[in-house]
Amino acid sequence: MNLQSAGIVGAGAWGCALAQTARRAGRDVTIWGYEPSVVDEINESHRNSAYLPDVVLDDDIRATTSLKDVAACDVILLVTPAQHVRSIAGELAFHLRPDQILIICAKGLEQQTGKLLSEVVGEVAPAAEIGALSGPGFADEIARGLPSAVTLAMAGENEAAELAQTFSHPSFRCYASADVIGAQLGGAVKNVLAIAAGIVQGKGLGASAHAALVTRGFAELTRLGIALGAKRETMAGLSGLGDLILTCGSAASRNMSLGIALGQGRTLGDVLKSRSSVTEGVFTAGAVVEIAAAKGIDMPICHSVHGVIAGLQTVDEAIEGLLSRPLRSEG
Ligand SMILES: NC(=O)c1ccc[n+]([C@@H]2O[C@H](COP(=O)([O-])OP(=O)(O)OC[C@H]3O[C@@H](n4cnc5c(N)ncnc54)[C@H](O)[C@@H]3O)[C@@H](O)[C@H]2O)c1
Ligand SMILES: O=P(O)(O)OC[C@H](O)CO
């Protein structure tokens with residue numbers, strides 16, 4: 001495979017961080033941005049002050065508002081927020097060559113359909129080969145070149161290994177996987193669980209409650225993954241447990257910080273109004289609960305987060321509900 005050029009669709013914080021890290025790995029990078037002002041700023045001053053302030057991007061990263069420009073690249077990373085993947089990948093599909101590789105880097109499920117983003121992209125770009133890149137990584141840290149490791153999944157093991165080589169460099173280690181479902185699910189569900197972890201912190205419930213919540217959250221994540229065909233080791237890997245640890249452990253996470261604010265008594269609308277960046281767990285929680293119900297899987301923490309976000313219960317009712325559940329065996 002010739003994988004010299006990388007197209008990045010989405011010029012938010014993560015798209016720019018991945019553009020930066022792909023340059024470090026030696027790729028020629030073109031990044032598509034939704035807002036012309038963001039594209040102009042990247043081209044003119046190598047900055048993205050709206051979404052990734054304080055980072056100077058590589059001079060050779062070229063930004064564009066044309067999806068056709070990005071479609072000409074050897075491999076394309078999809079990094080828009082999850083709810084925009086269908087429309088943007090659908091537009092992109094008009095310009096793609098057959099068998100072109102699309103790597104999903106957004107973390108979420110489609111709210112309307114409950115579908116994985118690989119299913120969504122498969123519907124709108126049926127000729128593409130679809131993979132996923134996911135794992136613990138805050139955009140600001142990755143863009144600055146701090147060390148990290150992620151899962152890069154593609155159904156073919158050889159292709160996954162080649163892509164992992166393509167995007168890796170000493171401070172960004174991509175571990176190859178053939179589990180595209182598992183790699184996406186970890187990133188989607190950890191966002192919902194991080195809202196719960198934030199609520200625990202915001203309410204001042206203590207470190208013991210935090211540890212219990214993250215552990216039981218991991219059990220929920222694993223149950224859902226196995227039911228949807230993911231491998232247990234993926235759920236326990238970088239894109240599952242790894243990202244859960246990061247996102248539930250730092251107020252730098254938008255999902256965790258939203259939960260902290262809810263725990264402190266702020267309203268969802270108030271918090272969302274105050275940010276321009278995406279908080280994916282808000283959109284994914286309902287989809288997770290619906291899939292869990294359809295598959296008969298017990299996911300009480302995700303259920304409680306959905307209840308709070310959808311306005312079906314208060315934070316205190318959600319906590320009371322979780323603590324009064326009948327005791328069961330740990331598995
Ligand atoms: N920021 C991170 O640290 C990080 C790390 C890993 C994965 N992710 C994932 O990457 C995805 C993108 O997140 P982000 O942090 O780069 O976003 P962001 O919050 O920095 O920016 C929001 C993005 O949404 C875009 N946008 C707004 N309206 C749009 C529309 N109608 N159509 C298309 N795009 C539109 C904006 O142009 C911008 O790129 C999310 O799924 C997120 O979970 C983020
Ligand atoms: O800020 P968050 O909560 O969207 O998390 C960012 C990344 O997904 C962490 O891996």
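Because the model is predicted, local features are given only at pLDDT of at least 70 and side-chain atom pairs count only at pLDDT 80 or more, while totals for chains, interfaces and linings use all residues. Residues are numbered from 1 along each chain as its sequence is written, and chains are lettered from A and ligands numbered from 1 in the order in which they are written. The protein is divided into domain 1 (5-178) and domain 2 (182-324), with bounds that come from an automatic or database domain assignment.

**Domains and their contact**

- Taken over C-alpha atoms, the centres of domain 1 and domain 2 are separated by 24 Å.
- The contact takes 27 residues from domain 1 and 26 residues from domain 2, where two residues are in contact if their C-beta atoms, placed from the backbone, lie within 7 Å.
- On the side of domain 1 that touches domain 2, α5 (117-124), β6 (129-134), β7 (148-154) and β8 each supply at least two residues; helices (H or I, at least four residues) and strands (E, at least two) are DSSP runs, numbered from the N terminus.
- β7 gives the most to this side of domain 1, with four residues.
- The residues on this side of domain 1 divide into 16 nonpolar, nine polar and two charged, where Ala, Val, Leu, Ile, Met, Phe, Trp, Tyr, Cys and Pro count as nonpolar, Asp, Glu, Lys and Arg as charged, and the others, Gly among them, as polar.

**Annotated spans**

- An unreviewed UniProt entry carries the annotation "domain: Glycerol-3-phosphate dehydrogenase NAD-dependent N-terminal" over residues 7-158; UniProt positions are given in the numbering used here, feature names are shortened, and annotations may be inferred rather than shown by experiment.
- Over residues 7-158 the chain is 34% helix and 21% strand, with 21 Å between the end C-alpha atoms.
- The annotation "domain: Glycerol-3-phosphate dehydrogenase NAD-dependent C-terminal", also from an unreviewed UniProt entry, covers residues 179-320.
- Residues 179-320 are 74% helix and 0% strand, and the end C-alpha atoms of this span lie 37 Å apart.

**Ligand shells**

- Of the 25 residues around ligand 1, those that come nearest are G12, A13, W14, A106 and S277, a residue being near a molecule or strand if its C-beta atom, placed from the backbone, lies within 6 Å of it.
- The shell around ligand 1 has 14 nonpolar, eight polar and three charged residues, and α1 gives the most to this shell, with three residues.
- Ligand 1 lies between domain 1 and domain 2, because both give residues to the shell around it.
- Around ligand 2 there are 13 residues, of which P136, D243, S253, R254 and N255 come nearest.
- Two or more residues of the shell around ligand 2 come from each of α8 (180-202), α11 (238-247) and α12 (254-263), and α11 gives the most, with three residues.
- By class, the shell around ligand 2 divides into four nonpolar, five polar and four charged residues.
- Ligand 2 also lies between the two domains, since domain 1 and domain 2 both give residues to its shell.

**Helix α1**

- Helix α1 (residues 13-24) has 12 residues and reaches 17 Å from its first C-alpha to its last, close to the 16 Å expected at 1.5 Å a residue; the expected span is 1.5 Å times one less than the number of residues.
- Because 10 of its 12 residues are buried, α1 is largely enclosed by the rest of the structure; a residue is buried if 20 or more other C-beta atoms lie within 10 Å of its own, exposed if 12 or fewer, and partly exposed in between, with C-beta atoms placed from the backbone.
- What covers the buried residues of α1 includes β1 (5-9), β2 (28-32) and α7 (157-167).
- G26, which follows α1, has a positive phi, near 95 degrees.

**Individual residues**

- G187 is in helix α8 and is buried, with 31 other C-beta atoms within 10 Å.
- Leaving aside neighbours within four places in sequence, G187 is in contact with K107, S134, S239 and D243.
- D54, in the loop between α2 (36-45) and β3 (62-64), has a positive phi near 75 degrees although D54 is a residue other than glycine, and D54 counts as exposed, with 9 C-beta neighbours inside 10 Å.
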